[in-house]
Amino acid sequence: HTRFRNVTGVQTCALPICVTIEATFRAKREAGRALLVPYITGGLGAWRETIEEIAAAGADAIEVGIPFSDPIMDGPVIQASSQAALRDGATPQGIVADLAGLDVDVPVVVMTYYNPVHHLGHERFADALAGAGVQGSIIPDLPVDESGPWIETAEAAGLENILLAAPTTTDERLATICERSRGWIYGIALLGVTGERATVADAGLEMGRRLKAATDKPVLLGLGVSDGAQARTVAAAADGVIVGSAVVRRQLETGSPADVGAFVRSLREGLDAG
């Protein structure tokens, strides 16, 4: 199974979870570390080797996206990567099974749309994730008020389910999301699909401030970050940053795990320079 070490350096088991993502992130935050979670597309090229590279480059957790043919929030880069992975024969079951062979020092979280979860069945999907050593799930198109059955099944399997909040989320709904989310709170800093941005938007930073005022759980922002300086700016408004399109673009363009790892290392260096 996937295994990771907590901040004290003691290796802990992933199934059952001995040290949760949330506890690990809280400890790192208290130690003054800005959190970094890169996203990659599962099933694309040498994706498992890429996970190992970016874990070694300073990621605090890794999101692995399960390609889906009808995405609603992915921008052109992640859409293209998903289509390429699907053409190569990627399937949810295959990706999850392959995650079981990883040996990395950080938690692995799966991001997928609800359709594959519904198709496989909650219990079957949750058990497959837990059996592969995955420690959390993100299902962006599952609203918080419809998420109860999945969250109950996921938590019974030892998974932390990470919920998303958007700039349009009301304060009342934000409180519910923060209460039900585990691992961290995922702040979507901009409306629209995913993608790199040339500048950091004030609306995204305000999303971080709202979430920090609403919860003491770790708060990470997804804001189209494209370099280390942007990552540092975004992390200053929250506890850390999620970087997807910029990572996946390198995964698509070069296919080199080392190149992707070098980019993640540059993000880590940018965060640590703050």
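Q: Is P67 buried or exposed?
A: This is a predicted model, in which local features need pLDDT of at least 70 and side-chain atom pairs count only at pLDDT 80 or more, while totals for chains, interfaces and linings use all residues. Residues are numbered from 1 along each chain as its sequence is written, and side-chain values use heavy atoms, leaving out hydrogens and water. Buried means under 20% relative accessible area, exposed over 50%, and partly exposed in between (1.4 Å probe, protein chains only). The relative accessibility of P67 is 6%, so P67 counts as buried.

Q: How many Å apart in space are P67 and L86, C-alpha to C-alpha?
A: P67 touches L86, among other residues, where contact means heavy atoms within 4.5 Å. In sequence P67 and L86 are 19 residues apart, but from C-alpha to C-alpha the distance is 6.6 Å.

Q: Which residue is the bridge partner of G65 in β5?
A: Helices (H or I, at least four residues) and strands (E, at least two) are DSSP runs, numbered from the N terminus. Two strands pair if DSSP finds at least two bridges between them. Strand β4 (residues 62-65) pairs with β5 in the parallel sense over four bridges. In β5, G65 has as its bridge partner M111.

Q: Which residues of β5 are buried on the side other than that of V108 and V110?
A: In a regular strand, side chains alternate between the two faces of the sheet. Strand β5 (residues 108-111) is covered on both faces, with V108 and V110 buried on one side and, on the other, V109 and M111.

Q: Which residue in β6 does V109 stand opposite?
A: β5 also pairs with strand β6 (residues 136-138), in the parallel sense and over three bridges. In that strand, V109 stands opposite G136.

Key. Lists of a residue's contacts leave out its neighbours within four places in sequence.
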